Amino acid sequence: MTTSSLPGSRPRAALLVLSLCFAFASTSQAAPAGCMDARELKEMKQITPNSIALLAADQTTWQVNFQNECPGLMAAGKPKILAKDGQVCGTGNEFVRAGGRDCAIAAVQQITRRDFADIARQADRTPLTTLPTVNVSEAKRTLRGSPSYCFDTRHVRSYGDNAKGFIVQTNPRRSGGNREYVVEVANNCRALMHSPAIQFKSGYGTSLICGNPGDVIIVQEQPQASERAAVLRDTLVTAGERCDVLSVYPAG
């Protein structure tokens, strides 16, 4: 009597080996704890010569600090990050290259979406722009904004108050992939806790709400259900309690 291996045993072994290989490859590509995956950045902003703020492809937000002051990176063409395997950990031999100079990275830390929104909003108020943004032009004013800190009232689906605060739900295809935004308001907005009919008004007279000066939420009389969507899109100002918008950023 002769013996032989069980039918299919070799394919199973080969499949197991391949599975282990794929698992190892996936693990090796993951960013180490405390490190930023800089291979596909979505946004880069700078408001101080000592640091930049970054939005990664996975929607995490980071601040990178330099060893020495490195101003004007956004004006020097398209900055590039040089780091082993595209992972920035602040452990040395990592640089931001722009305009023929290398800025050595000293440290990297994750920041909140709110912090990134504040930095991006300040950066876009300067004459310099970074990555592509939402541009809304008028005869006398120009507003630059980005889905990192703005939502377009034309694409609002719903709104309400929850544990995160006052939340606005938007069309993610029209909002940089963001489904929800946290809208921080001043202490004069207790009426929002009851989810009344509201109207957004931009301080720049556009459809974007970014936390810019003059951005407000106007509480209105409760309309019929069929009129609710129209109220969200309406740009005319009507009488009612006003709530100052202080900050806007994606929830998460």
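This is a predicted model: local features need pLDDT of at least 70, side-chain atom pairs count only at pLDDT 80 or more; totals for chains, interfaces and linings use all residues.
Local features are reported at pLDDT of at least 70 and side-chain atom pairs only at pLDDT 80 or more, whereas totals for chains, interfaces and linings use all residues. Residues are numbered from 1 along each chain as its sequence is written, and side-chain values use heavy atoms, with hydrogens and water left out.

The secondary structure of the protein chain consists of three helices and 18 strands (DSSP runs, H or I of at least four residues for helices and E of at least two for strands, numbered from the N terminus). Of its 252 residues, 38% are buried, where buried means under 20% relative accessible area, exposed over 50%, and partly exposed in between (1.4 Å probe, protein chains only). The accessible surface of the chain is about 14500 Å², with 52% belonging to carbon and sulfur atoms; areas come from the Shrake-Rupley method with a 1.4 Å probe, and for residues only the protein chains shown count as cover. Among contacts (heavy atoms within 4.5 Å) with a separation of 6 or more, 58% are between residues 24 or more positions apart.

Beyond four places in sequence, the contacts of Val 96 include Ile 52, Phe 66, Leu 73, Ile 81, Cys 103 and Ile 105.

Three disulfides are present (pairs of cysteine sulfur atoms within 2.5 Å). The sulfur atoms of Cys 35 and Cys 89 are 2.0 Å apart, and the torsion about their S-S bond is about 120°, so this disulfide is right-handed. Cys 35 lies in the loop between helix H1 (9–29) and strand S1 (36–37), and Cys 89 in the loop between strand S6 (87–88) and S7; the pair therefore ties together parts that are 54 residues apart in sequence. Cys 35 is buried at 9% relative accessibility, while Cys 89, at 23%, is partly exposed.

Cys 70 is joined to Cys 103 with an S to S distance of 1.5 Å. Because Cys 70 lies in the loop between S4 and strand S5 (80–82) and Cys 103 in strand S8, the pair ties together parts that are 33 residues apart in sequence. Cys 70 is buried at 5% relative accessible area, and Cys 103 is buried at 3% relative accessibility.

In the disulfide of Cys 150 and Cys 210, the sulfur atoms are 2.0 Å apart; the link is right-handed, with 115° about the S-S bond. Cys 150 is in the loop between strands S10 (142–145) and S11 (151–152) and Cys 210 in the loop between strands S16 (208–209) and S17 (216–220), so parts 60 residues apart in sequence are tied together. Cys 150 is buried at 6% relative accessible area, as is Cys 210 at 0%.

Ser 247 belongs to strand S18 (residues 242–250) and is buried, with 0% relative accessibility. Its side chain makes a polar contact of 3.5 Å with the side chain of Asp 118 (a pair of N or O atoms within 3.5 Å; within protein, one must be able to donate a hydrogen and the other to accept it, and residues adjacent in sequence count only if both atoms are side-chain atoms). Not counting residues up to four places away in sequence, Ser 247 touches Arg 114, Asp 118, Arg 121, Val 182, Val 183, Glu 184 and Gly 211.
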